[in-house]
Each structure stands twice: as structure tokens, then as C-alpha cells.
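Subject: Structure handover

Hello,

Please find the structure below, with the sequence beside it. My notes on it follow.

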Amino acid sequence: MTDQELLQKRVIGRASATERDPNSADRFAFWIRPGERVNPFDIVAAEHFDGSWTYGLVTNIRHVTDAASHLANFISNDFGESVDEPNTPRQGANVAEVTVLDNDKDIFMPVQSEARVYFADEYGVHVALGIDTMKEKEERTGRKIRVPAGIIRMSNGTEVVAYLDVEYVLGPESVHVNVSGISGLATKTSYIMFLIQSILQTVGASSIATILLNVKYDDLLHIHEPGTLSEEERRMYERMGLRPEPFPEDRVHYLLPWGKHTQVTGRPNVFIPEGEPIPPYKVYAYDLRSTVDKLDLLFSHVPDPWDTLGSLIGEIANGIQNDEPKWRDILTWDDLLSQEPLVKQGIPQKVGNVAASSVGRFLRILRRVVKTRQSGIFVPHLSTRMTTIGRELSRIRGGHVYVVDIARLADEEQTLVFGDILRTIYGLYSGELLLEDEEVELPEKVIIFVDELNKYAPARGEASKSPILEQVLDISERGRSFGIVLFSAQQFLSAVHPRVTGNAATKVLGRTDSVELSDSVYRFLDPDIKMHLTRLEKGELILSHPIYRQPVKVNFPKPPFRQGRVRT
């Protein structure tokens with residue numbers, strides 16, 4: 001028997017029920033054997049009826065003594081004067097509080113007092129969480145459907161792979177993954193990228209396309225290049241049965257934005273330093289004609305309680321798309337801003353039922369977005385050096401990864417690009433749009449990853465009625481039926497629209513501020529688990545999954561590709 005097996009079989013305490021603190025079918029307590037170390041999130045096994053085992057998650061640990069009060073302890077130390085031994089030595093014990101997860105014979109009577117308690121082994125952890133109920137492979141295809149999601153580490157050194165049921169990540173049961181936590185400490189992007197690679201390697205990449213939005217520096221602009229991993233991180237990959245490899249270079253497509261100086265320098269508007277090589281890429285831009293059906297996305301952050309801007313945008317889109325006579329000469333952004341039918345001799349004009357004053361407001365906002373504050377992606381005409389998001393995604397293929405950089409774009413521009421991606425993918429999968437090559441089938445699933453989701457799907461405010469939010473809600477509520485999966489991240493879960501987070505079957509939480517944890521959105525967590533969230537380390541996350549009976553703490557290795565300037 002190995003040292004590890006001996007540790008797992010060693011009794012670490014006995015269940016304890018008192019008159020004032022009884023055990024129940026949902027919770028029990030046990031005193032901890034002197035010298036044993038137990039921590040919150042350890043999973044333990046208690047002996048139970050008919051040779052069964054009850055498994056539970058340690059949520060808190062208390063130290064109790066026979067002192068009636070703190071005052072008694074103060075008095076026994078010579079009224080605070082004694083610095084050596086107290087006059088009345090106290091008897092004490094550490095007591096662990098445990099939330100029941102499962103019983104391997106479905107016996108849910110309370111754990112009896114004096115029942116022996118052990119650390120759970122790997123099998124026990126899987127039973128406790130419900131992982132044992134997950135199918136390892138799909139019967140029809142033989143495809144693996146258990147996805148490694150990290151490693152559970154317990155105080156006795158036991159390491160157990162935590163798995164996700166792919167049917168609750170990619171469908172059909174439920175979909176979507178959301179990660180939240182303090183920036184720089186929660187390693188949100190790193191975990192999402194690790195999970196995506198785990199899915200592609202486990203389930204198989206050929207039927208899944210991935211779209212990544214790069215929102216911070218050059219963080220995701222080197223995913224085809226190998227990174228530096230420690231021996232411990234490589235061991236973690238091996239333990240989970242994964243290959244620590246970057247994404248295949250021939251299957252990664254970088255879409256980078258056109259900038260104000262791209263025409264001269266030939267470099268796109270990205271954070272990659274001058275002189276450092278840029279991976280093979282295509283440059284995207286927006287002219288009026290290719291953007292008119294997405295014009296409303298540029299006004300997502302603008303209050304429009306009476307839908308006057310929406311009505312005007314509808315008039316413009318219909319007029320240009322249907323090639324109506326009065327709109328035929330409107331070919332560029334400048335034409336729209338300075339010519340009829342919106343402007344005559346520099347004066348805004350009434351259009352349809354939209355008053356001239358509302359047209360003037362529309363022009364002021366649009367001019368600021370596409371002329372004054374723009375980063376360079378709005379161009380008069382698309383040249384042969386440019387492409388569009390819609391054009392590139394109409395060529396989407398399973399097993400390929402599409403990285404769309406928006407890091408240096410203004411907020412309105414970022415919203416446009418993200419909305420463009422969602423509309424294009426939704427259109428392709430709903431049948432409203434066609435693939436460029438109609439003989440090629442759409443990938444069975446498409447994963448879209450976006451950070452800072454609260455910018456596009458806020459919980460409150462005027463923007464909570466915006467076009468981009470409607471698009472996000474469509475994906476979160478109906479994406480499952482089409483095979484569209486949203487992987488998202490943000491600092492604060494409470495800042496995101498509840499219909500979006502509510503539809504995320506798998507929630508992942510990193511270190512979180514105590515004030516944020518007081519929000520009602522965290523009511524699904526045990527109060528003790530909430531407090532542990534405030535002291536998680538980098539690389540540690542709390543994982544909540546529909547199969548799990550309680551959230552668990554997992555560790556994960558950093559992604560095996562070269563990362564940019566920041567790891568968030």
C-alpha cells in the first residue's frame with residue numbers, strides 16, 4: 001500500500017452531533033484528529049448505514065473549548081497578566097462543518113455521531129460531485145464527452161481531475177460558461193483558453209469553430225506560438241490527459257483592425273510593438289455600405305427612450321439596402337453626414353416621421369463616432385487590402401480559430417465588432433445568411449469568447465435596452481438550439497444582465513471583493529464559500545457546474561501558448 005493510500009485510509013476524525021448542534025440530512029460536523037490538517041473545500045467520506053459512504057464538502061472549520069466564555073479564558077490567564085501557562089488549562093478541538101454532497105447508496109439519513117471520517121479518494125470525489133454519472137464517451141460516435149476542467153487538490157496531497165459534462169457546456173442539455181473575478185488575480189482569460197483547448201482536445205476540434213475577441217494588449221495574438229511552462233504545469237496537463245501544445249498555426253486566423261496610419265505603415269492598429277513581427281493576418285474595416293445593416297450597434301450606448309434614433313436608422317438602412325432613388329448617391333460616411341436626404345445646405349432635414357432635431361442629434365453622434373474619435377476602422381471604401389468580419393466568418397470552418405483584435409478600438413467600435421460577430425454567426429446558423437462555399441457544412445458548434453461582457457450586457461441603465469444587449473440575449477437564450485456557445489468573462493458578476501448570467505450553465509469564480517459578494521446574484525453560494533472567495537490565489541477558481549452538488553475549488557495550469565503583456 002502506498003503512502004498516499006495510507007493517508008486516504010487514515011481516520012482523520014469522527015462525526016459529532018450535540019444537543020444544540022445536531023447533524024442533518026444536509027450537513028454534519030466532525031472533530032478533527034489532533035495533528036491532522038483539513039482545509040475548506042476538502043472532500044471527506046464518512047462511514048454510514050449498510051456499508052455506505054456519505055461524502056461531503058468541508059465549508060468551515062471552528063475551534064471549540066470547554067470555556068463558557070471569552071471572559072473565562074481571560075480570568076484563567078490571571079486576568080490577562082499571565083504570559084506563560086494559564087491557571088486553568090482548557091480542553092479544545094477543531095471541528096469541521098461539512099455540507100453533504102452524496103451517499104453512494106442513496107441513503108440520506110443524517111451521519112451518526114462517532115462515525116469515522118476519512119479524506120475521500122479519487123473515486124469518492126467523483127461520486128461526491130456526480131462526475132461518476134457522466135458518460136465518458138458518446139455511445140453512437142465513441143466521442144469523449146467528459147472535459148477536464150482543472151485539478152482538485154486536498155490537504156492530504158490527493159489530486160483529482162474535475163470533469164465537466166460536455167452536454168452541459170456545448171449542449172444539448174444547457175450551454176455557456178461565465179467567469180468572473182478581480183482583474184489580474186482571477187486569471188479569467190487564461191482559464192477560458194485552457195478550457196477551450198481542453199474541449200478541442202477531448203471532444204474533437206473538427207466539429208467546433210472558435211472565435212476569440214482580443215480585448216487586452218496582444219494577449220491572444222500569439223496563440224499559435226509555444227509558451228513557457230514549468231515542470232509542475234506540464235505535470236498537470238499530463239495528469240488531465242491533455243497535450244500542452246499551442247493552437248495549430250495553419251488553423252489560426254487573425255483579424256486585425258485597419259488604423260489611421262495603416263495605409264502608410266502597412267501595420268494594423270494593434271498593440272504589438274514596432275519591430276516585433278506580426279503573425280499572418282487580414283485587416284478588417286467598415287465602409288458605409290457594408291455597415292448600414294449594423295448601424296444601430298453604433299448607438300448601443302445612446303439613450304433612445306422614444307425610439308427616434310431607431311426609426312431613423314431603419315429609414316437609412318432600408319433606403320440604402322433597397323437602393324431607393326434618394327439614397328443612391330449616399331456611398332460613404334461623408335455622404336451620409338453632409339448630403340441629402342439628411343442634410344441640405346448644412347441644415348438637418350426631417351426624414352419620414354423623424355423630426356429635424358432628432359436627425360441633427362443622430363448626425364452629431366455619428367460624426368463623433370466615425371470621424372472625430374474613430375481609431376481608423378471607418379473608411380470611405382473597402383480596398384483590396386481590407387476585408388470585413390462578415391466576409392471572413394462566412395468562411396468559418398470546424399477546427400479553426402478566429403482571433404478578432406479590438407484592443408485599441410473605441411468603445412463604440414468594439415460594440416460594433418462584437419455585434420457584427422454575433423449577428424453574422426446567428427445569421428449563418430439560423431439560415432438567414434449563407435456560407436461563402438455552400439457545399440461546405442457549418443461546424444456543429446461555434447464557441448464565441450468575449451471578455452468584459454458587462455460592457456455589452458449591463459445589468460442596469462439605459463444601455464440595458466440597447467441593440468447589442470438584444471443580440472447577446474438572443475445568443476444566451478436561443479444559441480443552444482443552433483449550437484452557438486458563449487464563453488464570457490468580467491470582473492463583477494453583478495454587473496452583467498441576469499438573463500445572460502442565468503443562462504450560463506457553468507459559472508467560474510475567482511477572487512472576489514467582499515462588497516461584491518453581498519449582491520444577491522451570489523445567493524447560490526453557501527455563505528462560508530463566499531468568504532473563501534476573498535482569499536483565492538492566482539490559478540485557483542471556484543467551479544459551479546450543473547452536475548456538481550456544490551461548487552468546488554480547482555487549480556489549473558496556464559495555457560501552453562505564448563501570452564502577451566498581461567495575464568488576466
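I start with a loop: Pro 172 lies between strand E8 (159-165) and strand E9 (177-180). Helices (H or I, at least four residues) and strands (E, at least two) are DSSP runs, numbered from the N terminus. The peptide bond that joins Gly 171 and Pro 172 is cis, with omega about 10 degrees. A cis bond also joins Glu 340 and Pro 341, with omega about 15 degrees. Pro 341 lies in the loop between H9 and E13.

Before the rest, some background. This is a predicted model, in which local features need pLDDT of at least 70 and side-chain atom pairs count only at pLDDT 80 or more, while totals for chains, interfaces and linings use all residues. Residues are numbered from 1 along each chain as its sequence is written, and side-chain values use heavy atoms, with hydrogens and water left out.

The whole chain

The protein chain has 16 helices and 21 strands. Its C-alpha trace spans about 95 × 55 × 45 Å along the principal axes. Of the 568 residues, 53% are buried. Buried means under 20% relative accessible area, exposed means over 50%, and partly exposed is in between (1.4 Å probe, protein chains only). Among contacts in the chain with a separation of 6 or more, 75% are between residues 24 or more positions apart. Contact here means heavy atoms within 4.5 Å.

The barrel

Six strands form a closed barrel in the order E1-E2-E5-E4-E3-E6, with antiparallel pairing. On average, neighbouring strands of this sheet are turned by 40 degrees against each other, direction ignored. Axes are lines fitted to C-alpha atoms, for helices over the stretch in contact, and angles run from 0 to 180 degrees between N-to-C directions. Two strands pair if DSSP finds at least two bridges between them.

Strand E1 (residues 13-15) runs antiparallel to strand E2 (residues 27-32), and 3 bridges join them. Which residue in E2 is the bridge partner of Arg 14? That partner is Trp 31. Trp 31 also stands opposite Val 95 in E5. E2 and strand E5 (residues 92-103) pair over 5 bridges, again in the antiparallel sense.

Helices

Helix H12 (residues 411-430) and helix H13 (residues 467-482) have axes that come within 10 Å and cross at roughly 35 degrees. The crossing is left-handed, a label used if the near helix is turned anticlockwise from the far one by less than a right angle. Residues of H12 in this contact include Phe 418, Leu 422 and Tyr 426, and those of H13 include Ile 468, Val 472 and Ile 475. By class, the contact has 9 nonpolar, 4 polar and 3 charged residues. Ala, Val, Leu, Ile, Met, Phe, Trp, Tyr, Cys and Pro count as nonpolar, Asp, Glu, Lys and Arg as charged, and the others, Gly among them, as polar.

In helix H10 (residues 356-372), the buried residues include Val 359, Phe 362, Leu 363 and Leu 366. An α-helix has 3.6 residues a turn, so residues three or four places apart point the same way. The cover over the buried residues of H10 includes helix H8 (308-321), H9 and H12.

Single residues

Gln 197 is found in helix H4 (residues 188-203). Why does Gln 197 count as buried? Gln 197 counts as buried because its relative accessibility is 6%. Apart from neighbours within four places in sequence, Gln 197 is in contact with residues including Glu 245, Phe 247 and Pro 559. Gln 197 and Phe 247 are 50 residues apart in sequence, and their C-alpha atoms are 8.0 Å apart.

Asp 335, in helix H9 (residues 333-338), is buried as well, at 14% relative accessibility. With neighbours within four places set aside, Asp 335 is in contact with Asp 329 and Ile 330.

Glu 114 sits in the loop between E5 and strand E6 (116-119) and is partly exposed, at 45% relative accessibility. Tyr 217 lies in the loop between strand E10 (208-214) and helix H5 (231-239). Tyr 217 is partly exposed too, with a relative accessible area of 36%.

Regards
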